[in-house]
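Walk through this structure one piece at a time. Keep the sequence and the 3D view open as you read.

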Amino acid sequence: MIKQYFTIAWRSLAKNKMFSLINIFGLAAGICFTIVIVAYCWLQLSVNRDLKNADHQYIIQSDWKDKNAGFDLATFGPLAMEMRRQYPELVKNYFRFDGVTSNVSKNNTAFRENIQIGDSQMIEMYGFKLLQGNPATAMREPFSAVITEKQAIKYFGRKDVLGESITIESFNGSKKEFRITGVMKTPPPNSVTFLNRDNDNQIFLPENTLSYFGRDLNTWQNQHIVGYLELQPGANAKRVGELMKVTLSSNISPDLASQVRPYLVKLTDYHLGKENASVKKMLYTLAFIALFILGMAIVNFINLSISKASERMREIGVRKVLGSSKAALIAQFLSESVLIVFISTVLSVGLYAFLRPYFNGVLNTELPEVFAYRPVQFFYLFVFALVLGIAAGIYPAFILSSLQSVDSLKGRLGSMQQNVLLRKALIILQFSTAAIVLSSALLISAQVDYFFSKDLGYNKDFIVTAQMPRNWNPEGIRKVEQLRDRFAELPIVQNATVSFEIPDGNISGSSIIYRFGQDSSQGIAAQILSVDKHYLDTYKIPLSAGLNIDNKAGSLLNQMVLNESACRALKLDPQQAAGQRLRLVGWGGFVGEIVGVTKDINFGPLQQKIAPQVYADVKTVNIYRFISIKLKAGNIPDEIQTLQNKWASLLPGTPFEYRFMDEMLAKTYETELQLKKAAYAATVLSIAIVLLGVIGLVAQNVSKRAREIGIRKVLGSSITGIITLFLKEFIVIIIIACLIACPIGYLIMHRWLSDYAYHVAINAVPFSISVGILLIVTIALIALQTFKTAIANPVKSIRTE
Amino acid sequence: MEVKQGEFVAIMGPSGCGKSTLLNILGLLDDPDNGSFMFNGIEVAGFNERKRAELRKRNIGFVFQSFNLIDELTVFENVELPLIYTGVKSAERKIRVDQVLEKVQIMHRRNHYPQQLSGGQQQRVAVARAVVNKPKLILADEPTGNLDSSNGNEVMQLLTDLNEQGTTIVMVTHSEHDARYSHRIIRMLDGQTVLENIMI
């Protein structure tokens, strides 16, 4: 019986080739998109799940009263260790690390690498697999290193490198050999080795190596340490959080303790929730889009099935008269729709394989290859297709099978008439979705353009940045300033500056500042930027009052420049700020004198309001990372080559890994750029599906109304009159759809944009454009499709009786 | 052959003899392969589709065997259609449609759909639609072919009345009975007119 159903289903598909193709391709596109999104969500959801005891693994986060006072994802050096020592009944294990960036080399291969220096229990605690080496002892000896297989290939060209060594530079320029004691299998996506974009660590050093880099995990002064805890089964994370606060309070100053509240986040939740839950938001957005696109494809399916049904009524009538039961008819129609969905699913897997590289780019991830999926996942897909086939076929099946047999024999529409309304409602839904997706895509790209075109307050053009070898002491500063001057001498260079921060949103130093003579309770949180005297000139940051640092002769105090926001927060008139003294909390009793005030610039991404900032002299703060070189306009590749040669002669053995400021900025908007690409992909897909649906319906309409068109032509209708006849129906539908789509699109985009402190205004333009595009494309499509019928000789169609 | 203004001509002949082709050419639905066709004193053979359509909608009304009403439109809307295509204003359309519906005695069904009417009623609507534009010529292709005899007679009477009011009628029929309503019968065989019977 079932075999016969499928045979009939197959023949019916083959008979209606146009209908079948539209249905199958529309569905395949929808299913393929769904597979991509599900795979992506799966990847994101499985981050940290493969860690050992994943359900008991936590990361310590800090809630700062003032967001500018410290980092959310860092905590105080000894905290995690202290918790384990004090509460072994609650805390089973801990792990801390300090992330540094330094030069790593092997023979002639040299790169700047992110290096993770942390507690030796890491490998065992999280169950990371070592291809070589002993997990228990790999990170115990000083000057040993564990590297990932990827790094082994990069430096040695092979994986069996146990006992070999790599050279790592310290911050004062000295170099030392590190013996490789373990090669780590590429770890599953996790927030221990890959905390965020800036902490993609592939080289792991034991904690006892820290002093080589002049760092210390075990001092409460260090508040830039990432801490993890593994709790005992049954331990309450909230309770541990409270205990952390107590431990912290007894070890740091009461001022600082009142500012910060440590808390635990489960690692399995951490990834989705981090950075304002941006990953989670992205997943929700994508899942919604996928759901809608799949929905649209299903709507097409239902629509086409119902409209085709009128042609099959006679067949249904005959079957009923011959004794077919309603159930048998339903089964027949369901097997047809299941067959279509199965063909589409197979096709969509092919599409997935074909489009995977493109989607990898859009989603910035590595989607598994088709054959990397496990059989059980294919089984899920099979079940999904089965459910989808039944879901899509059930409505048409019931409608068709419940027609009265006499009615259907005579080809009378009867109850079919009501479906016209339903079908129109479904198309309205589709058009609304397409209009919402399109106008959202336009607004997202407007906002992304705004990111790059907004006057950020400074000039980022032709600025190349590169990290310098670190040597953080007065001698090192003197040297790096000499190097800077050598670069600045080059005729292709306008200006060069040494600083810790560049305007890419990554600001490491922040502090409470307050006016001399007041106390810290009246202080404000401010970002402390370590810069030299060329910084303001290189980035063309305008001064609104006073002087640049280092320009005022005879000052004995540390000089600093504030931005206008900082002045406002301190209740200082920018014009009268110069000469005032400030004190910084936690920078060794640093007292400074304000020498100037700059205008506010957007130092970070536009999500954030401009914060109070203090430009402090690199000579007093003693830390730096970047040299920023502003090139003169000219042949950029040649200029880069000149820089490269200069670098090689000044800093032999140090990699020149330069970035243009534009690229650095683009990196901070990665999520938005991704969303923009995804939105456009979804737009193309949704419009394609809508148009497939329209093609199908118009084709059905044309064949159904062939006689009517003939009659109208005989009665004197012109060709445009006939085309208008079909257009009218759809134009009303599009207009209703737009009336629905615009307010919904407005609300969605309003919410999205409100996450950005600086954003474009929503006006009518993106909505008008999307309505216009939909109208034009649909009209063109319908006109093309109906033109043939409109010019045909009416005698033929009238004769079809 | 020639049909004069005000004539009522019946065309008869076996299936496939070319009656309907002739009617299509007369109705400007088809262009003749060769030869000449003078319509109202103008040579129309070789006219393109647009010119033919223009001439057709102002001068010719059609009545078909299978009525060819549009199912989705009401009686009123079906009859109104030719007036829309010739650009008559809405208020005048209403008056003229109601007049002609009155004339074919189908006024009481003006808001019904074709499916809800009997065959005779449907053909009366079709006749109403054919004459609403006051055409000079009505072409009827077996107007009674799908009707029983009493309904058939009603339709024939309608056509006769129209003819008496001055409309030229050319009708294809198989029925000797219906042919008797006409002034003259043209008999066809294999695409040729073979005989003409003058009835009056």
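Start with helix α3(B), whose buried residues pack against α20 (706-714) of chain A together with α2, α4 (90-103) and α5 (119-131) of chain B. This is a predicted model: local features need pLDDT of at least 70, side-chain atom pairs count only at pLDDT 80 or more, and totals for chains, interfaces and linings use all residues. Residues are numbered from 1 along each chain as its sequence is written, while chains are lettered from A and ligands numbered from 1 in the order in which they are written. Helices (H or I, at least four residues) and strands (E, at least two) are DSSP runs, numbered from the N terminus. Two residues are in contact if their C-beta atoms, placed from the backbone, lie within 7 Å.

Stay with α3(B). Nine of its 11 residues are buried, so the helix is largely enclosed by the rest of the structure. A residue is buried if 20 or more other C-beta atoms lie within 10 Å of its own, exposed if 12 or fewer, and partly exposed in between; these C-beta atoms are placed from the backbone. The buried residues of α3(B) are Val75(B), Phe76(B), Asn78(B), Val79(B), Glu80(B), Leu81(B), Pro82(B), Leu83(B) and Tyr85(B). After α3(B) comes Gly87(B), with a positive phi near 80°.

Now look at the contact between the chains. Chain B gives 14 residues and chain A gives 12 residues. On the chain B side, α2 (49-59) and α3 (75-85) each supply at least two residues. That side of chain B has seven nonpolar, four polar and three charged residues. Here Ala, Val, Leu, Ile, Met, Phe, Trp, Tyr, Cys and Pro count as nonpolar, Asp, Glu, Lys and Arg as charged, and the others, Gly among them, as polar.

Next, the sheet of chain B. Six strands form an open sheet in the order β4-β5-β6-β1-β7-β8 (chain B), with mixed pairing. Its edge strands are β4 (60-63) and β8 (192-198) of chain B, each pairing on one side only. Strands pair if DSSP finds at least two bridges between them. Strand β7 (residues 184-189) of chain B runs antiparallel to β8(B), joined by six bridges. Arg184(B) sits opposite Ile198(B) of β8(B). Helix α5(B) packs on the sheet and touches β4 and β5 (137-141) of chain B. Helix α6 (residues 149-164) of chain B also packs on the sheet, touching β1 (8-12), β5 and β6 (168-172) of chain B.

Turn to chain A. It holds 23 helices and 21 strands. Of its 801 residues, 43% count as buried.

Which helix does α2 (residues 17-45) of chain A pack with? Its partner is α19 (residues 670-704) of chain A, at an angle of about 160° and with the axes 10 Å apart. That makes α2(A) roughly antiparallel to α19(A) (an angle over 145 degrees). Axes are lines fitted to C-alpha atoms, for helices over the stretch in contact, and angles run from 0 to 180 degrees between N-to-C directions. The contact includes Phe19(A) and Phe33(A) of α2(A) and Leu685(A) and Ala699(A) of α19(A). By class, this contact has 12 nonpolar, four polar and no charged residues.

Finish at Ile117(A), in strand β3 (residues 109-118) of chain A. Ile117(A) counts as buried, with 24 C-beta neighbours inside 10 Å.

Definitions and conventions: Angles under 35 degrees count as roughly parallel, over 145 as roughly antiparallel, 65 to 115 as roughly perpendicular and the rest as oblique.
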